[in-house]
Amino acid sequence: LGNNNGRITNLGGTLTALGTAENPILFSSIWDDTVGGDTNGDADATSPAPQDWVGINIDNAASVSKFAHCQFSYGGRSINATINAARGFLSVEDCTISHSETRCMYINNGDAILRRNVFSDAEFTGLWVRNTQGYTIMENNHFEDCLTGTYAFDPGVQLTATGTTATNCGSANAIKVAGSNVAMQEDQIWQETLPYIVTLDL
């Protein structure tokens, strides 16, 4: 995916990419010669970088998107993240999302389940959860080399998160409580062992 315009958009259908540990499905830049060889035929004249392609955009309440054993690299151009979930249902398990210009993943609305993923090399947090009209379940995800922290969430979201680990993510590998959706919809128990940094009034 390249030329700054590569994009996969789910506008109401079912998008399924289910690899295996031995044979993962790879989404990367056309300039990434480690994936599929020298697909653009320029030898080593170019190299991959964040924003080489747009990413995965999920933007319909009826959308169902499921990914397992996938690797997403060098996306994030012109949308909030390499995987941008605006609405619908998203399941991501045993995947790696890396080298995104902003965040690896942005969940704005809908429902999401994230298990055993690696989020790495993001210019901000690896993930931002903002879906007040849905739930997010996070289990045993790992974050590394994300500049401003592991993940961020608005306090008004319905989030259940456990087992997160982190390496070299901003200040103290912290989780950020931020954003504009500050009205809590229900009682919350923050269960992570990583530190929380609250950047707004609750």
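1. Thr 102 is buried in this predicted model, its relative accessible area being 18%, and because the limit for a buried residue is under 20% relative accessible area, the value of 18% places Thr 102 in that class. The residue belongs to the loop that links β9 (96–100) with β10 (103–107). Leaving out residues up to four places away in sequence, Thr 102 touches Ile 79, Asn 80 and Ala 81 on the one hand, and Ala 122, Glu 123, Phe 124 and Thr 125 on the other.

2. Thr 96, which is found in strand β9, has a relative accessibility of 29% and therefore counts as partly exposed. Once neighbours within four places in sequence are set aside, its contacts are Cys 70, Gln 71, Phe 72 and Val 118. For Phe 72, which lies 24 residues from Thr 96 along the chain, the separation of the two C-alpha atoms is 6.2 Å.

3. Turning to the fold as a whole, the secondary structure consists of 20 strands and zero helices. Eight strands form an open sheet with parallel pairing, in the order β1-β4-β7-β10-β13-β16-β19-β20. At the edges of this sheet stand β1 (7–10) and β20 (196–198), each of which has a single partner strand, so that one side of each is left without a neighbour in the sheet. From one strand to the next, the twist averages 15°.

4. Ser 65, located in strand β5 (residues 64–68), is buried, with a relative accessible area of 0%. Its side chain makes a polar contact of 3.0 Å with the side chain of Asn 10. Apart from neighbours within four places in sequence, Ser 65 is in contact with Asn 10, Leu 15, Ile 58, Phe 89, Leu 90 and Ser 91.

5. The largest nonpolar core holds 36 residues, and the members that touch the most other members are Phe 72, Met 105 and Leu 127. Strand β10 supplies the largest share of this core, namely three residues. Residues up to four places away in sequence again being excluded, Met 105 touches Ala 81, Ile 83, Leu 90, Val 92, Ile 97, Leu 114, Phe 119, Gly 126, Leu 127 and Trp 128. In soluble globular proteins, nonpolar side chains tend to be buried together.

6. Some totals complete the description. Of the 202 residues in the protein, 46% are buried, while the accessible surface comes to about 9,000 Å², with 47% of that area belonging to carbon and sulfur atoms. Among contacts between residues at least 6 apart in sequence, 54% join residues at least 24 apart.

Definitions and conventions:
Residues are numbered from 1 along each chain as its sequence is written. This is a predicted model: local features need pLDDT of at least 70, side-chain atom pairs count only at pLDDT 80 or more; totals for chains, interfaces and linings use all residues. Side-chain values use heavy atoms; hydrogens and water are left out. Helices (H or I, at least four residues) and strands (E, at least two) are DSSP runs, numbered from the N terminus. Buried means under 20% relative accessible area, exposed over 50%, partly exposed in between (1.4 Å probe, protein chains only). Contact means heavy atoms within 4.5 Å. Accessible areas come from the Shrake-Rupley method with a 1.4 Å probe; for residues, only the protein chains shown count as cover. Two strands pair if DSSP finds at least two bridges between them. Axes are lines fitted to C-alpha atoms, for helices over the stretch in contact, and angles run from 0 to 180 degrees between N-to-C directions. A polar contact is a pair of N or O atoms within 3.5 Å; within protein, one must be able to donate a hydrogen and the other to accept it, and residues adjacent in sequence count only if both atoms are side-chain atoms. A nonpolar core is a set of buried Ala, Val, Leu, Ile, Met, Phe, Trp, Tyr and Cys residues joined through side-chain atoms within 4.5 Å.
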